[in-house]
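Visitor: I am new to this structure and would be grateful for a close look at one part of it. Could you guide me through some of the salt bridges and the places where their partners lie?

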Amino acid sequence: MTLNKETSDFYFDNSFAHHLEDFFAPSRSDSLLEPKLLKFNYSLAKELGLDLKALDSEEGLAIFSGNKIPKGAEPLAQAYSGHQFGGFSPLLGDGRALLLGEIIDKQGRRHDVQLKGSGPSPFSRGGDGKSALGPVLREYLISESMHMLGIPTTRSLAAVATGENVYRETALPGGILTRIASSHIRVGTFQFGTALGDIGKIRRLTDYCINRHYPRAADSENRYLTFFEEVCNAQAKLISRWMSVGFIHGVMNTDNMTISGETIDYGPCAFMDMYAPDTVFSSIDEKGRYAYANQPNILTWNLTRLAETLVPLVDLNQDRAVELLTVAIQNIEPIYQKYWLAEMRSKIGLSIEDPSDLELIKDLLSIMEKEGADFTLVFRRLSKALEDKDHLLLKLFKDTSDLNPWLLRWKGRLEQEENTKEVLVEIMNTVNPIYIPRNHTVEEVLTTATQQGDIKPFSDFLLVLEKPFDEINGNETYAIPGPVPDQPYQTFCGT
Ligand code: AMP
Ligand code: MG
């Protein structure tokens with residue numbers, strides 16, 4: 001995003017636009033009369049090597065509102081298909097997003113710069129191509145929080161209030177998010193490639209993705225099979241990270257699953273408070289397809305859709321290709337399990353592997369479920385039990401008769417570990433966050449920002465979420481779950 005060649009060595013380098021002409025339509029943004037820059041992510045801009053001075057000015061506002069297309073951008077809307085709640089839509093595409101182009105940061109990493117909510121594209125299908133401000137700020141907050149938790153994700157560079165209303169069930173203030181991603185290519189992009197009915201085109205897309213995301217696959221014996229295995233590995237790891245913090249994506253359609261292994265599309269997502277594996281927040285997920293505990297199953301389901309698109313590439317003999325891909329699909333579950341167990345082991349302070357660990361972890365989860373205990377706080381306060389402050393943990397449970405013997409087992413198991421208690425406490429506190437985007441606080445700060453035009457509570461909350469592992473005096477209210485609501489908490493896609 002070169003705004004000033006003298007002060008920035010940044011430049012657009014639009015590989016997608018130049019290599020994959022069958023996978024997009026040129027597009028543009030609407031212009032706005034009175035946009036306002038609500039948030040600008042300085043530290044991300046710095047990481048990306050952008051010109052901070054230029055961007056935090058009228059010039060930045062003009063770009064992040066879509067009023068000015070920066071030099072070197074080649075704005076386009078990407079085409080993709082997707083299985084939405086299991087049903088196939090052959091043509092979705094960016095209906096409310098505009099890829100400005102790609103930039104390369106100082107470490108040589110490539111990033112997409114995308115505006116979300118800047119007006120209709122050729123893929124809008126009757127939609128207005130806009131976003132309400134609430135969902136824009138929600139994505140900003142939660143994606144940045146995920147990043148700070150160490151979870152691969154798209155990032156948020158800027159949030160703009162458009163100064164115009166969008167019309168959903170009611171009139172709502174509009175917003176535009178500037179999103180940064182290592183790419184926006186999805187499982188649905190491959191499904192679109194298959195629908196084009198030309199093996200050359202799906203091969204071109206796959207070669208492009210290998211080059212961009214998994215260059216090591218290019219040297220392997222069967223690059224397309226290795227590519228698939230790499231995507232499976234990245235996604236299995238990602239979902240295990242989600243599970244380890246109680247994150248529920250809410251709309252794991254194949255068009256919302258990236259090839260890169262980053263979390264994308266923060267529509268109805270939310271973090272679970274009390275541990276209940278069947279938790280669903282999204283108002284449209286009536287059958288619980290994307291419930292917390294079902295996310296690992298959907299991982300395999302979605303990647304099987306990706307595998308189907310790769311059959312023509314993996315082997316000339318199609319039966320052989322299916323055989324090879326089937327083996328890779330069968331490996332997803334054990335790979336996921338391995339990552340998940342590693343996550344959970346570290347959450348309870350274990351670094352040595354013992355065959356009894358799985359049972360120990362499952363037993364704790366069962367007790368938490370039975371007791372409706374808070375997922376985040378139980379893990380955070382386990383370390384308190386090592387500092388003789390057991391009461392802080394125990395008070396998260398209505399009845400501690402199952403927990404007490406579990407704690408004895410756990411402490412016995414910890415004796416196998418080489419770390420001292422002090423070190424264990426320290427390690428566990430870098431794995432188990434104390435501050436997550438609690439639903440009631442998210443709602444509160446978004447309401448204040450969108451209805452009262454006051455962004456300060458949002459900004460304060462964001463600051464807390466930027467250091468999710470550091471317990472800070474005075475921030476206690478951010479750490480606790482809200483009162484149990486009369487009706488279950490519900491989230492909306494916000495389209
Ligand atoms: P999502 O559920 O947000 O992943 O979006 C699913 C599809 O609907 C994508 O193709 C979006 O581009 C499209 N879409 C969502 N909201 C809008 C909108 N306001 N206008 C046009 N297309 C939209
Ligand atoms: Mg989407």
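Guide: In this predicted model, Glu308 is partly exposed, because its relative accessibility is 44%, a value between the 20% and 50% cut-offs. The side chain of Glu308 meets that of Arg305 in a salt bridge, with 2.7 Å from N to O. Arg305, by contrast, is buried, since its relative accessible area is 13%. Both residues belong to helix H9 (residues 295-314), where they are 3 residues apart and therefore separated by about one helical turn.

Other salt bridges connect separate elements. Lys116 pairs with Glu139, their closest N and O atoms lying 2.8 Å apart. Because Lys116 lies in strand E7 (residues 110-116) and Glu139 in helix H5 (residues 133-148), this pair ties together parts that are 23 residues apart in sequence. Lys116 and Glu139 are both buried.

The closest N and O atoms of Glu144 and Arg155 are 2.7 Å apart. Glu144 counts as buried because its relative accessibility is 3%, and Arg155 counts as buried because its value is 7%.

Lys116 and Glu139 also belong to a network, in which salt bridges with shared partners join them with Asp94, Arg179, Arg186 and Asp265. The structure as a whole holds 34 salt bridges, among them the Arg305 and Glu308 pair.

Definitions and conventions: Residues are numbered from 1 along each chain as its sequence is written. Chains are lettered from A and ligands numbered from 1 in the order in which they are written. This is a predicted model: local features need pLDDT of at least 70, side-chain atom pairs count only at pLDDT 80 or more; totals for chains, interfaces and linings use all residues. Side-chain values use heavy atoms; hydrogens and water are left out. A salt bridge is a side-chain nitrogen of Lys or Arg within 4 Å of a carboxyl oxygen of Asp or Glu. Helices (H or I, at least four residues) and strands (E, at least two) are DSSP runs, numbered from the N terminus. Buried means under 20% relative accessible area, exposed over 50%, partly exposed in between (1.4 Å probe, protein chains only).
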